[in-house]
Amino acid sequence: MLVVGEHRFYKEKESGLRIRWHCSMKSKTKCKAFVKTVEDIVADIPVFGKTRTGNPVIMVGTYRFNKVYRSKGPKIRWTCVKTPFGCRAAIYTIDDVIIKTINDHNH
């Protein structure tokens, strides 16, 4: 078992030194959250924060994602700050839980 903050994850798939962990609530609530580790180190933990002007952002490794305000309902789309330059990477969240990642950076 892996604990990140208040969340628990169970080993799902192992490939060499890499391990994918799924949310402990996956079977009960169909939670899609997961964590990847490489050599027992959590890789790219998402950090929710705010910009200097107070706008919400998500940092994943060296990439920053801004909230798309035209998102409706509880599902929110976050796009890479390099979107104006053609980057197609995005994150989708529901109640601050990442449910989908499109890791298609062009930079």
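The part to look at is I76 in strand 9. Where does I76 lie, is it buried or exposed, and which residues does it touch?

Analyst: The answer begins with the basis of the model and then turns to the residue. This is a predicted model, in which local features need pLDDT of at least 70 and side-chain atom pairs count only at pLDDT 80 or more, while totals for chains, interfaces and linings use all residues. Residues are numbered from 1 along each chain as its sequence is written, and side-chain values use heavy atoms, with hydrogens and water left out.

I76 lies in strand 9, which spans residues 75-80 and has the highest mean pLDDT among the elements of the protein chain, at 95; pLDDT is the predictor's confidence in each residue, from 0 to 100. Strands here are DSSP runs of E with at least two residues, helices are runs of H or I with at least four, and both are numbered from the N terminus. With a relative accessible area of 17%, I76 counts as buried, because buried means under 20%, exposed over 50% and partly exposed in between, using a 1.4 Å probe and protein chains only. Leaving aside residues up to four places away in sequence, I76 touches K67, S71, I91, Y92 and T93, where contact means heavy atoms within 4.5 Å.

Strand 10 covers residues 90-94 and strand 11 covers 97-102, and the loop between them holds D95. D95 is not a glycine, yet its phi is positive, at about 50°. Most residues other than glycine have a negative phi. In contrast to the buried I76, D95 is exposed, with 65% relative accessibility.

F34 belongs to strand 4, residues 34-38, and is partly exposed at a relative accessible area of 36%. Its contacts, again without residues up to four places away in sequence, are F9, R20, W21 and H22. F34 and K11 are 23 residues apart in sequence, with 9.7 Å between their C-alpha atoms. The loop between strand 4 and strand 5 contains E39, another residue other than glycine with a positive phi, near 50°. Strand 5, residues 41-42, has the lowest mean pLDDT among the elements, 78. Where pLDDT is low, the predicted coordinates should not be read in detail.

For the chain as a whole, the domain assignment, which is automatic or taken from a database, gives domain 1 (2-43) and domain 2 (46-102), and the centres of the two domains, taken over C-alpha atoms, are 21 Å apart. The chain has one helix and 11 strands, in the order β-β-β-α-β-β-β-β-β-β-β-β from the N terminus. Buried residues account for 26% of the 107 residues, and among contacts between residues at least 6 apart in sequence, 16% join residues at least 24 apart. The C-alpha atoms fill a box of roughly 40 × 30 × 25 Å along the principal axes. The average pLDDT of the chain is 88, and 100% of the residues score at least 70.
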